[in-house]
Amino acid sequence: MSTPYPFTAVVGQNDLRLALLLNAVSPAVGGVLVRGEKGTAKSTAVRALSALLPQVDVVPGCRFSCAPAAPYPSCPDGPHEEGPGGARPARMVELPVGASEDRLVGALDIERALSEGVKAFEPGLLADAHRGILYVDEVNLLHDHLVDVLLDAAAMGASYVEREGVSVRHAARFLLVGTMNPEEGELRPQLLDRFGLTVEVAASREPAQRVEVVRRRLAYEDDPAGFADRWAEDEADVRARVVAARALLPQVRLGDTALLRIAATCAGFEVDGMRADIVMARTATALAAWAGRVDVLKEDVRQAALLALPHRRRRNPFDAPGLDEDRLDEILDGFPDEEPDPEPEPEPQGPDDGGSGPEDDPDGGGGGGVPPQGGGPEAPDTPEAREAPEAPEALEAPEGPSQAPEPSSAPAAAAPEQAAVRASEPFRTKMLSVPGLGEGAAGRRSRARTAHGRTTGATRPRGHLTKLHLAATVQAAAPHQKARGRSGRGLVVRKDDLRQATREGREGNLVLFLVDASGSMAARQRMSAVKGAVLSLLLDAYQRRDKVGMITFRGAGAELALPPTSSVDTAATRLELLPTGGRTPLASGLLKARDVLRLERLRDPSRRPLLVVVTDGRATSAGDLGGDPRELSGRSARLLAAEGVTSVVVDCESGPVRLGLAGALASDLGAPAVTLDGLRADSLAGLVKNVRTAVTSAAPGSSSASTASRRAA
C-alpha cells in the first residue's frame, strides 16, 4: 500500500484544512464541498485526512462495520451477539464518476432470490464508507440520481435498497467530501444545499509559497516513507487534537446570543430554508471544541457563516457563490457578547503544549492547525524550510510597471468593433428537443432509453440483471412448470426465464449555439435582446442537464468561443463579453458548427446534438471560402440537413420591413424558425412539434431528405 501524503504537509489552503478537520470533529456538520481550479491539493488533502481519524471498533466479520456497543438493528449480517470487537483504521472510500447505482448502494441478487429464495446482498460503497470518509472526486460530473442517493444516505445515516419487493437496510454514516472544478459544470442548488460546508480554493500567487509546494512534493515523490516520517509527530499532534475536540464537543454550550447571531445572519442574507441555521450551529460548536473552549463566541459564528453560507446564496445558476463580509460583521455586531463560562482545565495532551502544535504553525508547515480566519501563510516553518535557503530575488514579483508584451494590432475589419452590451432579463423558454429515441446520458430534454423512468418493455438481460421485469419473467417461466416438475405453489424459475426491464426517460443533449455577432446585429437594444434570448436558452440547458457550446461569426470568419462543456455559467460569461461588428460570414459559421459536431460525435457518440442558430439570416461575406455569400450559406445549411443535424433558427430580424432571410435559412436546414418574441414559453406552443416534423421530413428515405441531399451535392 502506498504511503499517503501527510495532511500537515499541505502548504496553505487553511480554509480547506479547517473545514475537513471540523467534519472530523463533528461529522454531523454534513460534509465538505471543495470548489477550485486544477492542481490546488483538493484531492491530496482529502485523501490525507483519513490518517487523522481515530480507529473504529467493529463487530468481527460484519461487512457493514457495526459498532460492538450499538450494532445496527437491521444489519443484514445481524443480529450480532454481545462481545468484544476489533479495532481497524477509519476507511477512505472513493466513489468513481462512472459508478453504477448498484456499486454505490449495493446489489441484491434477484436471480438467487427468485430461484432459491435467498436474500443475497452484496454491500456497496456506502457500506464500505460507514464510520469513515466517502470521497467523490468531480462530484459535479456524477449523475444526478446518484448524487440524490448519496446525499439522502448522508442525511439519514442509513441506506435502503429496494428491488422487486426485496428490501435491505443498513447503517451508512460517513464524512462526505466532494471536490469539483466549476469550469466543468455546477451542481444544482438543491444539491449544493445538502453539503454542510463549501470551500473555494485557488493556487497561491506568492512565489515563496509556490516554491515550498514544489519542494515538498518533490521530496515526497523521492522518498514517500521518509517524508511521512518527518511529519509523523505533527500528524500525531493533530490526531490527538481531533480526539480531544470530539471528547469536548458534548460540553460545548451554544448560548442564546450565539443562536440569535446565527438566525440573524441567515435571515439577513436571505438564505432559503432552515438547513443553513442548523449547519451553522453545528459548525460553530465544532469550532469552539476545536479551539478547546466550551462557549461559542462571535468569531466562531463568523467563521461558520463564511464556510456554510456562500453556496446557499445563489439565486440563479449564473450567480457566483460569495458572502459580503462587511455586511456579516454588521449583523454580528448587533448583538452584545455573553459572559463566557469558566474555561475547563487544559488537557495534558494535544498540540497546544508547545513544540510544533497546530497553533504554533498556522501555515500548514507543521501540525496542520488552522487559524479561525484562514489567512495565507508567508513562510512555512517545516523541517525542510528551516534548512532551505531563502527564495531567490528572481522569484519575487517585479517592481514598477508590468513588462507584459505589447498587444498585437488587430487585423483591419470591414466595420468597427463595438463594445459588448449587457443581456436583457432572461425568460422561460419552451422546450426544444431532438426527435426519436436516444441512449445518451441522463437528463431532462429528449426521449431516451435510460436506467430510470417508466417501463416500456422487457428483454433478455445482457450480463448482470439490474432491473427485473417481473411479469415478463413469470410469463417466460409459466409454460415450463410441468416439465420442471413443479409440485407446490411456488414458481420454478430458471436463469433463462429472467427478463430485464427496458425503461424510457429523458437524456441530456449537446446544445450548440451559433451566434451572429456581425455588424447587422450591432444595434444596442437588438443585441441586448439577442443575448437575453441566448441566456434564457442557456438557463434552460442548465436545468435540463445539457452540455453546451458556442460559436460566434463576424468579420472574416467563425470562432469557437466555448468548446462543448457542462459549465453553462462559463457560457453565460462568454456571452456577456461578446463584442459585435464586421461583416456576416454565415457560411463559415455553419461549416464551423459542422466540424465541431463531427468531432463531438466521435468523442461522445451517444449524446445527440441540437444546433441553435441565432441570426437575422443576412450573409454578406464569404470569409476565406470565396464565392457568393448567400449561395455558400445555403449549401452549408443543406449539408447540415443532409447529415441529420437537428436545428432551430432564432430569427433576430426586427423592424416593420423584414426580408425573411432567416426563414430561408431555416428551410435549407430543415428546421423551424422562431422570432425572439416567439421564443418565450407563452407564445411558442408548437415549436417542439415543428422541430420533430421538420426533422422527420428530413429523415433518410423521405422526399425532403432526398431533395436536400441533391441540393447539397
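Arg445 is buried, because its relative accessibility is 2% (buried means under 20% relative accessible area, exposed over 50%, partly exposed in between, with a 1.4 Å probe and protein chains only). The model is predicted, so local features need pLDDT of at least 70 and side-chain atom pairs count only at pLDDT 80 or more, while totals for chains, interfaces and linings use all residues. Residues are numbered from 1 along each chain as its sequence is written, and side-chain values use heavy atoms, with hydrogens and water left out.

**Salt bridges**

- The side chain of Arg445 meets that of Asp540 in a salt bridge at 2.9 Å, N to O (a side-chain nitrogen of Lys or Arg within 4 Å of a carboxyl oxygen of Asp or Glu).
- Because Arg445 lies in strand E12 and Asp540 in helix H17, this pair ties together parts 95 residues apart in sequence (helices, H or I, of at least four residues and strands, E, of at least two are DSSP runs, numbered from the N terminus).
- Asp540 is buried too, with a relative accessible area of 5%.
- Arg445 and Asp540 also belong to a network of salt bridges with Arg544 and Asp546.
- Glu504 and Arg447 form another salt bridge, at 2.7 Å from N to O; Glu504 sits in strand E14 and Arg447 in strand E12, so parts 57 residues apart in sequence are tied together.
- In that pair, Glu504 is buried at 13%, whereas Arg447 is partly exposed at 32%.
- The whole structure has 30 salt bridges.

**The largest pocket**

- About 1200 Å³ of space lies in the largest pocket (a volume is the space filled by probe spheres set on the grid points, which are joined across faces, edges and corners).
- Its lining has 46 residues, and His143, His145, Ala441, Ala442 and Gly443 lie nearest the centre (on a 1 Å grid over the protein atoms alone, a pocket is an open set of points with protein on both sides within 12 Å along at least five of seven lines, where a cavity is a set of points where a 1.4 Å probe fits but cannot get out; lining residues have an atom within 4 Å of a point).
- E14 gives the largest share of this lining, six residues.

**The second largest pocket**

- The second largest pocket has a volume of about 740 Å³.
- Its lining is made of 32 residues, with Pro27, Ala28, Ala154, Arg173 and Phe174 nearest its centre.
- H12 gives the most to this lining, with four residues.
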